[in-house]
Every structure is written in C-alpha cells, then in structure tokens.
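Please work through the following questions on side-chain packing and helix geometry.

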Amino acid sequence: MMRTSLLRAGLRASRTATMVPRAAASTHAISKPTLANIEKRWEGMPQTEQAELWMSLRDRMKENWDELTFQEKKAAYWIAFGPHGPRAQPAAGEGRKVALYTALGVFASFALFATMRSFAGPAPSTMTREYQEASNEFLKGQRAEPLTGVSSEGYSGKGMVQSPPKN
C-alpha cells in the first residue's frame, strides 16, 4: 500500500517536471529573422521547418495574444489563411488547359459514338410504326391495363407507338 502511493507520488513529480519546460519555452518571442519575409520563404522551406515554426507559433498563441509581436501575428495569420498549398492561385494557362482537355474528351466521345453508329446493324423490326400499332391492337385484345392503359375506356394516348411512319 505504501509502496504504490510512493510510486504514484514519484510519477506525479516527474510529470510536473516535464511540463514546466514546455510552458517556459513558449513564453519567449520568436526571432524576427525567422519570421521575416515568411510569405516568400514559406513554400521553399522544408516540411520539418514549417512544422516547427507553426508549432512554436501555435504555442505562443495559446498564451495572451497581447504578448505576441506584430510579426508573430502576421506570420500566424499568413500561415493559417495565406494563398499557399490548396489555397494557392492556379498556374497561368490552367483554364485553357482544362478547356482543351474537355473539348478533346467531347470530341473523342463523339468520334466513338459515330464509329459505333456507322458499324451498327439496321434497326430491329420491332421499331417500325406498323409493328408498334399491331402491339397496341394486341394489348387491346388482351385487355392489358384496363384502368389506365391502352385497354381503358376513353384512352387517347399513343400506347406503344414511338417511331415515325415508315416511308
């Protein structure tokens, strides 16, 4: 019993000792040369350096914002909301490239459609107007759909007829 309470006390003491340097490290301002011209240097910085700078700014922002320097506020805003990464401006000529590839895709699909259409066989015999009118008469004779369909009283629709008359 006494041994576990001593271990817990030792663990608590070691935890508080490791937390103090972190809090103390974020209380000093980040150097001006580190933040100078960050807008132009950000894209060229290595990922690790970007992460370190952002983490140190984030730690500084956890404290009182009145203690932040103007350079730190400006850098934090630019890193969070600046035009870099996914918010970067599109490259010059990107709109033209998108339009060109879209036009090529439409042209390729039309060429494929026209090629398939030219090699297709004749329309099936069921697509003639005469066959569809005969289908209407067959449905009337079978009394198909007597409530709303071709067999109903006073029906005035086209029924199965979809094709124009054969000339």
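Q: How many aromatic pairs does a search of the whole structure find, and which residues form an aromatic pair?
A: The structure is a predicted model. Searching the whole of it gives 1 aromatic pair. The residues that form this pair are tyrosine 77 and phenylalanine 81.

Q: Is the aromatic pair of tyrosine 77 and phenylalanine 81 stacked, edge-to-face or tilted?
A: The ring centres are 5.2 Å apart, and centres within 6.5 Å count as a pair. Planes under 30 degrees apart would be stacked and those over 60 edge-to-face. The angle here is 45 degrees, so the pair is tilted.

Q: By about how much of helix 5 are tyrosine 77 and phenylalanine 81 separated?
A: Both residues belong to helix 5, which covers residues 70-81. They are 4 residues apart, so their separation is about one helical turn.

Q: Are tyrosine 77 and phenylalanine 81 buried or exposed?
A: Exposed means over 50% relative accessible area. Tyrosine 77 has 56% relative accessibility, and phenylalanine 81 has 57%. Tyrosine 77 therefore counts as exposed, and phenylalanine 81 likewise counts as exposed.

Q: What distance separates the end C-alpha atoms of helix 5?
A: Helix 5 has 12 residues, and at 1.5 Å a residue it should span 16 Å. The distance between its end C-alpha atoms agrees with that expectation: 16 Å.

Q: Around the axis of helix 5, what arc do the buried residues cover?
A: The buried residues of helix 5 are Glu72, Ala75, Ala76, Trp78 and Ile79. They lie on the same side of the helix because their arc around the axis is only 170 degrees.

Q: Which exposed residues does the face of helix 5 turned away from its buried side carry?
A: On the buried side, the cover includes helix 2 (32-35), helix 3 (38-41) and helix 4 (47-62). The face turned away from that side carries Phe70, Tyr77 and Phe81.

Q: The backbone oxygen of which residue lies 3.1 Å from a polar atom of the side chain of serine 151?
A: Serine 151 is in the segment after helix 7 (129-142) and, at 11% relative accessibility, counts as buried. Beyond its neighbours within four places in sequence, serine 151 contacts Leu139, Lys140, Arg143, Ala144, Glu145 and Pro146. The backbone oxygen at 3.1 Å belongs to leucine 139.

Q: With which residues is asparagine 136 in contact, leaving aside its neighbours within four places in sequence?
A: Asparagine 136 lies in helix 7. Its relative accessibility is 9%, so asparagine 136 counts as buried. With those neighbours left aside, the contacts of asparagine 136 are Val150, Lys158, Gly159, Met160 and Val161.

Key
Residues numbered from 1 in each chain as written. Predicted model: local features only at pLDDT ≥ 70, side-chain atom pairs only at ≥ 80, totals over all residues. Heavy atoms only, no water. Phe/Tyr/Trp six-rings, centres within 6.5 Å; stacked < 30°, edge-to-face > 60°. Helix = DSSP H or I, 4+ residues; strand = E, 2+ residues; numbered from the N terminus. Buried < 20%, exposed > 50% of the residue type's maximum accessible area, 1.4 Å probe, protein only. Polar contact = N/O pair within 3.5 Å; in protein donor to acceptor, adjacent residues only side chain to side chain. Contact = heavy atoms within 4.5 Å. Expected span 1.5 Å × (residues − 1). Arc of directions from axis to C-beta.
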